[in-house]
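I'm going through a few things I wanted to look up here.

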Amino acid sequence: MQAHQRMLDPTPNGLHSGESPLLQTLGLTKRYGDFLANDSIDIDIWPKEIHALLGENGAGKSTLVKAIYGLIQPSAGEIRWQGARIVLSGPSEARSRGIGMVFQHFSLFDNLTVAENVALGLDGRESFKDMSARLEQVSKTYGLPLDPKREVWQLSVGERQRIEIVRALMQDPKFLILDEPTAVLTPQEADQLFIVLERLKAEGRAILYISHKLEEVKRLCDTATILRGGKKVETCNPRLETAASLARMMVGGEIKEVKAPAGRQTTVPRLVVNDLSLAPSEAHGVRLEHISFELKGGEILGIAGVAGNGQDELFAALSGERLSRDPGTVVIEGIAAGHLSITQRRKLGAAFVPEERLGHGTAPRMRLSENALLTGHAASGMVRRGFIDTAATLKTVDRATETFDVRKAKRDPEAASLSGGNLQKFIVGREILRNPAVLVVSQPTWGVDAGAAAVIRQALLDLATAGAAVLVTSQDLDELAEIADRIAVMFHGRLSAPLATSEATREKLGLLMGGSSLEPKEAAHAVGA
Amino acid sequence: MELVEAIILAVLAASTPLLIAATGELVTERSGVLNLGVEGMMIVGAACGFAGAWLTGSILVGALFGIVAGTLMSLVFALMALGLAVNQVATGLALTILGIGLSGLIGAGFVGERITPAAHLYIPGLTDIPLIGRVLFGEDGFVYFSIALIVGVWWFLYRTRAGLILRACGDNHVSAHALGYPVLRIRTFAVMFGGACAGLAGAYLPLAYTPFFIPGMTAGRGWIALALVVFASWRPGRLVVGAYLFGAVTILQLHAQGWGVGIPSQFMSALPYLATVIVLVLLSRARTGGSTAPAALGTVFVPDR
């Protein structure tokens, strides 16, 4: 049986002779209506292996791991576990067989304690007391400190991920799936995670590691399987590839390089923030504290930081979704605007692109032309004497489509029908076509395919060259390094002093993202304490 | 003294239906479902409960009729709001309107009939103790049951794994689904429990409170039960305090009118609601983070398959 199987599935690099794969998928297919999310995927995962699963958004990575974890049933094909075919009835069966998963969007319960959260991920055969004791032991063994009695909403993103990992480890899994685990971590936190993963591998476990970050994959993973458009493209050894060659396989072609146009000059300050403090508006919100910066025309300022450190609150304060008591805290084009509404700020020449595309950047069930009107009605001549100029709104859609290569099925479809990348190109295009003096954009390429990301970054650079002031909030440090002139870091509602991009090393940014200060005086104090 | 005892007994009697209905709604809401149809389920429970007791002559059968009627009503809600993912607020309001009409239809033939109300406990010696005897040892079965019910619900929610899973569904149904818990099935059970409690609370009115049925006899108690759950910030302990407080306000308002206190009765009737608003404000000021309400309350969940 085993010999027969090996003949069917020759291992890619011959490293695993004499064993059978821990987990195999054979022709795994998942169909949603006419759409093939996974098209006949074969993948072998061996013990003591960190196996990367690479692909752009929509390539089918999530669908594949959901099928392996029993969350969805494949339409065709099979899953083999230690050589034998299995049909998983659900995640609890997957867990009981030794398959664990750490989700990208954490499956945690904010208002329950750490121990309760862990208990929910286990089968409940041991008493709560025994479970709590084991929780402490596992978290100590792997160097993942946790306080079992705290409620999750009080914890940082890194701590939340620790809960997920400890919860998975408490089932002593043979195979652990991690879905983009470093997307929300500082570089230092990511390094700590890699130590844990190496240790798990040394213990004989297998890991399936989903990521966009190619350098990370090259450093950590033994094997990489690349998906594109629901199909498997290649299985290779990432250490023998370059980041560029991996990217080519993911995208299926060359990615246009973003070029900073020459002759960019900074002019007058166009967006100034003076000592902006703002109480949180919701239960889990962050308080903004004494934020100040000055942004000149022709300049791109990047704001880095782990999600949830006040970036959303800052965006709301700049866009006018939340107003300040003191008008002088936000100055747009020399005019105190802290008390002005979104529309009034747009009339001053500001434009805003929020992080959430559907539901914040656009109304999902409205047409693109209607969405163009929603942000352009005050200052772009789409309304005449109170009536909508439909021709003008359609023209805006056409111009955005042409300039930014938005691909869509109809001339004027519903926003929700576009893919993430195309919708983001439309939203950024809609704002840029208004020729803003100030553009505030949050996570411009989050969940966007590499081709669209390049178009958007280029557009931001071109806009700055044309004299606008651009503020980019992003968690992607590579993106900020590529387009920003200066980078500041947000932590617990405070903004660090901006560093010139040339001086902003990953290490420095990582320290700031973790809440450390770069000033030597404070560093010495910290060591002393 | 006699008067004080009478008032306490009246307060307990007025509070019991509120406590039972609110306990059911608390469990429903803890699972993340907002069922605004409590009033409708109660009034159908009242009509069916009276019908059952009148036809068989048994209070117990009447109570069971009330429970079954409330549960059936809640299944209508579960089918719409959970099975078909219809908006919960609209469904709950429709359920109340349906319930009021349905109870009129069921109860039409029973208006004007009387039954022997539920018997009160009598333990010689203990019940005869002045002042506290009748309060502690001379109640009807519903009162004792309501106390056992809320203690049981507390124990279930905070001391059992099933209770933890139910709270988890109310906090984040996406996560609960991702961990493999059958969110919709759990919620259906929670809704049914809420319906059973509301039906029983409704049946209490014609079986113990007044020994006859009149249309619309719940008179807004279902809405007070809903307010109580919010007042109690979804905690069983506070729910007991709230239920007796609301019951007391209701009774005191009647006595205040009798004594000729110069406050308009409408103002007194509004006191329970005013108290809810004040408590909510105090709670939200006192808590620095986290949310008091179940985070997924009232949101529609459709699992991806």
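Predicted model: local features only at pLDDT ≥ 70, side-chain atom pairs only at ≥ 80, totals over all residues.

**A buried helix in chain A**

I listed the buried residues of helix 10 of chain A: Gln311(A), Asp312(A), Glu313(A), Leu314(A), Phe315(A), Ala317(A), Leu318(A) and Ser319(A).

**Two domains in chain A**

Next I looked up the domain assignment of chain A, which gives domain 1 as 48–66 + 91–98 + 173–251 and domain 2 as 269–362 + 438–528. I get 31 Å between the centres of domain 1 and domain 2 of chain A, taken over C-alpha atoms. For contacts, 8 residues of domain 1 of chain A meet 10 residues of domain 2 of chain A. On the domain 1 side of that contact, helix 7 (187–202) and helix 9 (243–251) of chain A each supply at least two residues. By class, I have that side down as 4 nonpolar, 3 polar and 1 charged.

**A helix pair in chain B**

How far apart are the axes of helix 1 and helix 6 of chain B? I find 9 Å, with helix 1 (residues 2–30) and helix 6 (residues 141–159) of chain B packing at an angle of about 25°. Under 35 degrees counts as roughly parallel, so that is what I call helix 1 and helix 6 of chain B. Their crossing is left-handed. The contact includes Leu12(B) and Leu19(B) from helix 1 of chain B, and Phe142(B) and Leu149(B) from helix 6 of chain B. I wrote down the residues of this contact as 11 nonpolar, 3 polar and 1 charged.

How values were computed: Residues numbered from 1 in each chain as written. Chains lettered and ligands numbered in written order. Domains from an automatic or database assignment. Contact = placed C-beta atoms within 7 Å. Helix = DSSP H or I, 4+ residues; strand = E, 2+ residues; numbered from the N terminus. Nonpolar A, V, L, I, M, F, W, Y, C, P; charged D, E, K, R; others polar. Buried ≥ 20, exposed ≤ 12 C-beta atoms within 10 Å, placed from the backbone. Axes fitted to C-alpha atoms, helices over the stretch in contact; angles between N-to-C directions. Parallel < 35°, antiparallel > 145°, perpendicular 65-115°, else oblique. Left-handed = near helix turned anticlockwise from the far one by under 90°.
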